[in-house]
Amino acid sequence: MAVSWTQHRFSGGVLALDTTNTVVLRGDMARSFDRFDDPEEIARFAMAASGFRADELKGRALVAPDPQAIAGKVIVIREATDRLFRRTVTAGALATADMPEFLNACADGLAGSRESLSAAAPFGSTLEPLAFEAALAVSALSLLSAGTMSRLRICPNCNWLFVDRSRNGSRLWCDMAVCGNRQKARRHYGRRKEEVANA
């Protein structure tokens with residue numbers, strides 16, 4: 001069944017984190033599942049990301065014409081990115097031991113790419129479609145900036161990684177409308193249950 005790639009599924013703040021979040025309930029062995037188990041979802045995700053990440057991509061469309069062929073690269077980049085930055089959030093520091101795997105995965109995603117990238121145009125300056133695996137690698141590498149790393153968070157509700165772009169850096173949930181409301185509903189239900197038990 002095709003996934004509905006809605007705005008909520010792009011709550012990570014950057015393409016690379018949106019991609020790591022395609023593993024739902026990561027860490028929960030009983031309930032976790034991978035939205036990329038069907039490689040065709042990679043192409044549908046890339047198409048949706050072209051719209052939801054238009055600002056990051058500077059309007060470039062993402063393409064994955066042969067998702068079966070790139071699935072291996074995409075999954076390796078996704079998992080290396082999640083491992084490196086999830087540990088960075090929990091430990092409060094970047095583990096250099098995780099860097100070679102991450103950098104090699106990103107290099108593999110860029111292999112064969114003929115893009116010209118710059119600080120002003122990290123995804124290139126042309127309007128030609130961009131290969132999804134190359135864009136994913138560039139987005140993942142952008143997370144290494146000190147300003148971004150200090151704002152990485154893990155949502156306490158769904159366990160997704162996201163960049164906290166709030167002014168004071170105090171955002172708790174990846175998406176207030178979804179995870180924030182679920183947490184509030186749980187707390188409310190818990191208080192009501194306790195009130196009934198104590199009555």
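Salt bridges come to 13 in this predicted model, a salt bridge being a side-chain nitrogen of Lys or Arg within 4 Å of a carboxyl oxygen of Asp or Glu. Side chains of opposite charge can pair when their charged atoms come close. Residues are numbered from 1 along each chain as its sequence is written. Because the model is predicted, local features need pLDDT of at least 70, side-chain atom pairs count only at pLDDT 80 or more, and totals for chains, interfaces and linings use all residues, while side-chain values use heavy atoms, leaving out hydrogens and water.

Select arginine 44 and glutamate 41. Their closest N and O atoms are 2.8 Å apart, in a salt bridge. Both residues lie in helix α2 (residues 40–52), three residues apart, about one turn of the helix; helices are DSSP runs of H or I, at least four residues, numbered from the N terminus. Glutamate 41 is buried at 2% relative accessible area, and arginine 44 is partly exposed at 33% (buried means under 20%, exposed over 50%, partly exposed in between, with a 1.4 Å probe and protein chains only).

Aspartate 38 is partly exposed, at 37%.

Next, select glutamate 101 and arginine 83, whose side chains meet in a salt bridge of 2.5 Å, N to O. This pair links distant parts of the chain, 18 residues apart: glutamate 101 is in helix α5 (residues 99–110) and arginine 83 in helix α4 (residues 67–91). Glutamate 101 is partly exposed at 35%, as is arginine 83 at 28%.

Last, select Arg26, Asp34, Arg78, Glu79, Asp82 and Arg86, which salt bridges with shared partners join into one network.

Conventions: Helices (H or I, at least four residues) and strands (E, at least two) are DSSP runs, numbered from the N terminus.
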